[in-house]
Amino acid sequence: MDAGRFAQLYSAEAKEHLGLLSRSLLALESPTVPADAVGEAFRAAHTLKGVAAAMGHETVAELAHAIEDRLDAVRSGRTRVDPELVDALLGAVDALEVALESSLRPAPPPGPRRVRVVLREDTQLMGARAVLIATNLKRRGLATGTDPETFGDSFDGTFSVLVAQDAATDDVSAAILAAGDVERLEWEDANAPHGPKPPPASYVRVDASRLDTLADGIGELTVLHARALGSSNLPELAGDRVALLLSALQDEVLRLRMQPVSTVFDRLPRAVRDAARAAGRTVDLTLEGGDIELDRAILDALADPLLHLVRNAVDHGIEPPIERAARGKPIEGQLFVVAERERSSVRVSVRDDGRGVPRARIAERAAQLGLRFAGDEPSDEELLRVLAQPGFSMADSVTSISGRGVGLDVVTDRVRAIGGALSLQTGEGRGTTFTLRVPITLALAQALRVRVGGEDYAIPLTHVTEAMILEDVLVSAVAGREAVRVRDDLLPLIRLRQVLGVPAVGAETAAVVAEIGERRAALAVDELLGREQILIKGFDNARGALPIFSGATLLADGRPALVLDPLSVV
């Protein structure tokens with residue numbers, strides 16, 4: 001068999017069976033165990049053993065066979081299910097996953113390898129960021145050390161990582177870049193490739209009817225194109241039909257990119273179970289909205305932030321059973337992860353009924369860092385801003401659950417990178433809710449086209465609730481800042497001319513109301529030009545440029561325009 005031809009298909013199928021196996025094993029610990037949980041786990045292990053053996057991956061096949069034997073003993077009644085058995089089986093699943101990844105990974109190049117890491121000049125606490133990167137790499141077995149070994153006051157943001165012999169280049173690069181604030185990577189050995197490698201091919205299962213629709217549409221476009229070549233009147237012949245076909249094909253292509261949120265949610269029960277056992281907590285996890293679909297790229301970007309937030313909820317939010325009992329709460333903590341549609345975006349909330357964020361302790365620690373608040377106590381928005389400071393931590397010691405090098409600063413950066421927003425609501429003794437709002441797709445977006453200082457800009461509608469004519473509202477001064485009244489709410493007025501630093505060209509005639517979580521503001525513009533569907537292309541801001549753009553686009557008339565990020569303005 002030519003194993004290379006089937007490697008991606010094998011990988012996708014094996015991971016599906018791994019997920020099914022893990023879910024079935026977790027079900028064995030639920031209060032109401034499904035009748036066929038053991039049988040389902042047994043069949044998943046058996047199938048995985050067969051496909052691995054067919055591919056010649058003996059280690060994977062042997063591990064799957066060992067799990068199959070233990071489950072067969074349970075089915076036959078020779079072994080009873082208890083927490084120790086589930087621990088052992090889940091540990092075997094972890095080993096199986098590592099063996100699977102190793103079987104698909106190309107052999108590493110010979111010789112020692114080093115990668116030079118250059119942090120951004122505006123990185124706060126450069127030494128702490130470097131320590132986080134090094135610690136995370138060592139914990140994952142991707143690095144053996146750094147040069148220099150410590151990062152003192154003279155550290156200038158540049159250091160080298162000594163890469164482990166069996167570590168894949170892509171894995172190391174991804175782990176470093178995921179930490180945030182990295183300007184660039186420079187591989188220093190001749191064997192490792194320089195610059196980004198093209199991503200490996202990936203496969204997804206697609207409804208055959210969608211492929212039929214695409215094939216039929218493309219076939220009809222081909223016929224229309226051939227007819228148009230022999231006609232001098234293309235608009236009358238095919239214009240309307242081409243527009244309809246293109247719209248339908250565009251919708252189908254976007255649907256092909258969509259996957260249910262459950263593909264990310266399925267990873268959470270295992271993470272919560274392991275975190276709860278390690279922290280001595282009892283936690284009931286509820287997942288809702290798993291059938292809502294999002295762009296695959298957005299789901300990939302959401303996976304790590306959601307894992308961090310649920311682990312943080314178990315480790316820091318939900319109290320130990322004794323403390324909960326003393327507070328009159330049920331011993332079992334409640335954790336909810338819920339996905340909901342919200343206009344042109346999706347809202348994913350992580351809510352616990354734990355102790356909440358300690359405002360006084362946060363304020364005390366923030367004061368030590370020179371941070372100040374508008375009132376006596378920090379608001380929810382100010383709390384999140386402090387907690388998302390790079391390197392900020394309230395933990396007295398790093399546990400096996402938290403302190404993994406992916407803090408709220410990285411969570412915030414990753415969510416903003418896909419045009420989303422993170423908000424926080426908390427009450428001491430009542431629990432905490434983190435809410436992530438993300439667009440449905442990255443491919444196309446509905447945007448409001450505005451003009452400021454003679455230039456056109458696009459504002460994605462994900463966080464826009466309405467637009468208004470400034471003549472129709474009263475502009476007043478509140479606490480030294482301009483504000484406008486929108487029905488019963490008084491909103492700060494932000495003049496985009498001043499934010500962009502552009503000269504006035506005529507009067508400001510309109511305002512766009514942007515909403516991010518609990519924050520709302522009116523953005524004053526010179527002119528509203530209408531709504532338009534745009535294709536956003538990301539870019540790296542030039543050094544010294546304003547960090548308020550999420551990308552660029554070509555407008556319908558062919559002119560380029562920058563895409564404003566409301567999150568950086570409100």
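**Helix packing, burial and backbone in a predicted model**

Trainee: At what angle do helix α10 and helix α11 pack?

Mentor: This is a predicted model. Helix α10 covers residues 268-279 and helix α11 covers residues 296-317. Their axes lie 9 Å apart, and the packing angle is about 30 degrees.

Trainee: Is α10 roughly parallel or roughly antiparallel to α11?

Mentor: The crossing of α10 past α11 is right-handed. Angles under 35 degrees count as roughly parallel. With an angle of about 30 degrees, α10 and α11 are therefore roughly parallel.

Trainee: How many charged residues are in the contact of α10 with α11?

Mentor: From α10 come L268, A271, V272, A275, A276 and A279, which meet L306, L307, V310, R311, V314 and D315 of α11. Ten residues of this contact are nonpolar and none is polar. The number of charged residues is two.

Trainee: Is α2 roughly parallel or roughly antiparallel to α3?

Mentor: Helix α2 (residues 37-54) and helix α3 (residues 58-75) have axes 8 Å apart and an angle of about 155 degrees. An angle over 145 degrees counts as roughly antiparallel. That makes the arrangement of α2 and α3 roughly antiparallel.

Trainee: How many nonpolar residues does the contact of α2 with α3 have?

Mentor: α2 and α3 cross in a left-handed sense. Residues of α2 in the contact include V38, F42 and K49, and those of α3 include V60, I67 and E68. By class, three residues are polar and four are charged, and the nonpolar ones number 13.

Trainee: Within what arc do the buried residues of α13 fall?

Mentor: Helix α13 spans residues 359-368, and its buried residues are R359, I362, A363 and A366. In an α-helix, residues three or four places apart point the same way because there are 3.6 residues a turn. The buried residues of α13 line one face of the helix, as seen down its axis, and their arc is 100 degrees.

Trainee: Which residues are exposed on the other side of α13, and what covers its buried residues?

Mentor: The exposed residues on the other side are A360, E364 and Q368. What covers the buried residues of α13 includes α14 (380-387) and β10 (421-427).

Trainee: Why does T553 count as buried?

Mentor: T553 is in strand β21, residues 549-554. Leaving out residues up to four places away in sequence, T553 touches A458, I534, L535, R559, P560, A561 and V563. Buried means under 20% relative accessible area. T553 counts as buried because its relative accessibility is 5%.

Trainee: Is R487 buried or exposed?

Mentor: R487 sits in the loop between β16 (481-486) and β17 (489-495). Its phi is near 55 degrees, which is positive although the residue is not glycine. Most residues other than glycine have a negative phi. With a relative accessible area of 60%, R487 is exposed.

Trainee: What is omega for the peptide bond that joins D147 and P148?

Mentor: P148 is in the loop between β2 (143-147) and β3 (158-163). Most peptide bonds are trans. The bond between D147 and P148 is cis, with omega about 5 degrees.

Trainee: What percentage of the residues of the protein count as buried?

Mentor: The protein has 16 helices and 22 strands. Among contacts with a separation of 6 or more, 67% are between residues 24 or more positions apart. Of the 570 residues, the buried share is 43%.

Key
Residues are numbered from 1 along each chain as its sequence is written. This is a predicted model: local features need pLDDT of at least 70, side-chain atom pairs count only at pLDDT 80 or more; totals for chains, interfaces and linings use all residues. Side-chain values use heavy atoms; hydrogens and water are left out. Axes are lines fitted to C-alpha atoms, for helices over the stretch in contact, and angles run from 0 to 180 degrees between N-to-C directions. Helices (H or I, at least four residues) and strands (E, at least two) are DSSP runs, numbered from the N terminus. Angles under 35 degrees count as roughly parallel, over 145 as roughly antiparallel, 65 to 115 as roughly perpendicular and the rest as oblique. A crossing is left-handed if the near helix is turned anticlockwise from the far one by less than a right angle, and right-handed if clockwise. Contact means heavy atoms within 4.5 Å. Ala, Val, Leu, Ile, Met, Phe, Trp, Tyr, Cys and Pro count as nonpolar, Asp, Glu, Lys and Arg as charged, and the others, Gly among them, as polar. Buried means under 20% relative accessible area, exposed over 50%, partly exposed in between (1.4 Å probe, protein chains only). The arc is that of the directions from the helix axis to the C-beta atoms.
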